[in-house]
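Dear colleague,

Please find the structure below, handed over for your review.

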Amino acid sequence: MDTSAQVSAPPAGGGHKQSIEFDDRTVRWFMIASIAWGIVGMLVGVIIAFQLNFWKLNFNLEFLTFGRLRPLHTNAVIFAFVGNMMFAGVYYSTQRLCQCRTASDLLSKIHFWGWQLIILSAAITLPLGLTRGKEYAELIWPINIAVALIWVVFALNFFLTLKKRNEPSLYVALWFYIATIVTVAMLYIVNHISLPTSLTHSYPIFGGVQDALVQWWYGHNAVAFFLTTPILGIMYYFLPKAANRPVYSYRLSIVHFWSLVFLYIWAGPHHLLNTSLPKWLQMLGMFFSLMLWAPSWGGMLNGLLTLRGAWDKLRTDPVIKFFVAGVTFYGMSTFEGPLLSIRAVNSVSHYSDWTIGHVHSGALGWNGFMAAGMFYWLAPRLWRTKLWSTSLANYHFWIGLVGILIYVAAMWISGITQVLMLNTLDESGTALKYEFVQTVNKVNFLLFCRALGGTLYLAGMGMMVVNIWRTAKSGAAANETREVFVEAKSSKDGMGWGEVFRNDPIAYTFWGLFFGILWFFLPPFADVMALILCLVMAVLATRAFKRDPRSWSDWYERLAENYLPFTVMVLISVVIGGAIQIIPTVTVNKAANVEDRLQVMYTPLELAGRDIFVSEGCYNCHSQMIRMLKPDVMRYGDYSRLGESIYDHPFQWGSKRTGPDLAREGALRPDPKWHFGHMINPRDLSKDSRMPSYSWLLRKKTNIDALPSKIAVQRRVGVPYEAMTDDVIKDKARVQAIGIAKVLVEGNNPVSIPPDAKGWEPQSEDEAKAYLADKQIVALIAYLTKLGTYEDVPAKEKSRLINPVLPGLPDDFRKMTSEEPKAAQPVTATVTAP
């Protein structure tokens, strides 16, 4: 059994003692901010949960719809609640582990206030509909630049602190902090590269399948490196402190760290299984996701076994309760995650409430409970007093635990129930039995249970607010001061780059990875040889380690005393997986490589309508990806091809179907009047619909003047629009808008336009047509009736790299997809301006 000391014994070489005053004020600030933003984020979550039961809770206000508030909820919980909690834990533990004060108080202040301003900006812009339309990456480009700059401030402060540290060896928690800082920077920058069209709008440089891959490379690893690795670092510091026990196994922590950091970055494609993502990427994501079982559970066991000899504290100490439950939820979530990455299981879980339950078991159980445990442990130390009420903290634990269990169980049952209903055939066996809205009605009570569970969890957070506030009020804020020993001559940071890379551990690891990667890409027979060579490297490495284990451990101990080489090794580990996944898709996502169908580009008005669709957050409830599954094809039409979203910046494949898929909406519902009625009052067309009314689209004007800059940026990101003057772009949009308005107000059953705020309503067809022509509802209709439009491309020889998603489909599936829905055509194809 290994243990780890946090402070080295004084060396024989001599030194002196030095008094250090730690910067605990920054820790207090971040802790208070985390609790405050946590209440806000979870309150918004409870509101949108109840909106799924009671659509009137949208209040017919554009700023309070589910589509606008859901990104606010996710960003507030991830970046505001967990982010501030992470910074509090990092600042507190890093100073103690380095035995020195944070490098710069000024940088700490800039970091704190900059981060809060970023969160405040998000809280303002997201309800306004200012979004990039990518999950967990919705913030507009000026805010993203601010995030990058403040992250650099944080990183600079952290690494300068490591540089001036008085403790030579980097403790395990610091490894996880290093991985977080380096990897989050890489992920955030790559996924947020955009070209602005205005101060509040931009298009990502990636589109279609490439954007989907980059987004979930970021989205999955945001969970890994923002919500997992820093909290594991906090676990490795605060859990032993709370239990007054050393970490169970230092050696296990080494295996846990490096295997987790290397494997996690590859697993993103499991969010895109059974889609038009190339099959090799799907299999790669599934393969590495399954391997994550081992390191994740290794970390969980290392945490729980740290409590050996201290389990009696579980009965009385709320801090231990929260930590044990949090680590247990980490184990449950990291077991369920790889399970959901198996393609057969994913065909059931994806787009369903099962995934929502999985996500919240991690966010509420792992992140939320670890935060509560850390706050209850920190508060008495930051304010030099006792916790105001241990019993209230215990109440918080139990009410929060019950809330999580109700929430997660309801989502598991809801997701599986709804998918089984969606996949059920009628008695003839040739058609689906249930309409989508019927499945939503079936799980209505379960959705209410979800909202109830969230409310209970929020109530527990309220108890913590009272407890921490009363604790702070009963004490006095003060910085801790302690004496530390400063070595006269330290062994830290003296490792040369040759010593870093010229050794057996690096050599065997490099060649093993090299042949393992070739295994994925080489043609038949050659790939088998690469796999054999990879296994040979593993055997040789094992023999070398057994022959001289001391040299391997000495090298790693030296590495752990050198923060810069250690950081470089972490960066290399995470870059490998990202590059191998993303770079090949640069060649895939081009029109020249599309093998079946090619998307028809959006007209200027359709592009404006798409931006309105994104702004309203419709991607939060509707997917645009018909998977290669029989029930999907029977319900929505022929399965989606890679080329059918090639010009989509951003992609809109979605991750949850609260409503039906829209990939072929234009073919299934080409009538503009249907869409008009559906947007203005969904209950007129489906009495049980939970969708809010979008009546403001009938009042707000489409920004036609912004289209020339948008088309120009679209061309720069690779969409092959022909050269057009600004006036031509605007004229095209106006002509199409007038044509759609004409269809809406003429013929049988013309649409009814309700009076505006001043009581005015059109008195004739011409007035109605003129009124509608420049409104957002018309642009959105243009977009919705375009969805599913494609052109066939000549068959090409299929290469290994751009292999179709699922070759060799069974005959019955081929028959099912042989009668394809006709491609939707733009409404103005047969309509001209008067």
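Helices here are DSSP runs of H or I with at least four residues, numbered from the N terminus. The model is predicted, so local features need pLDDT of at least 70 and side-chain atom pairs pLDDT 80 or more, while totals for chains, interfaces and linings use all residues. Residues are numbered from 1 along each chain as its sequence is written, and side-chain values use heavy atoms, without hydrogens and water.

A pocket is an open set of points on a 1 Å grid over the protein atoms alone, where a 1.4 Å probe fits, with protein on both sides within 12 Å along at least five of seven lines; lining residues have an atom within 4 Å of a point. Its volume is the space filled by probe spheres set on the points, which are joined across faces, edges and corners.

The largest pocket has a volume of about 2000 Å³. Among its 49 lining residues, Trp-258, Ser-259, Pro-505, Thr-509 and Trp-552 are the closest to the centre. Helices that each supply at least two lining residues include α8 (250-264), α18 (504-521) and α21 (563-588); α18 provides the largest share, 12 residues.

The second largest pocket has a volume of about 970 Å³. Of its 38 lining residues, those closest to the centre are His-622, Gly-659, Pro-660, His-678 and Met-691. The most, four residues, come from α25.

Finally, His-350 sits in the loop between α12 (343-349) and α13 (353-382).

Yours sincerely
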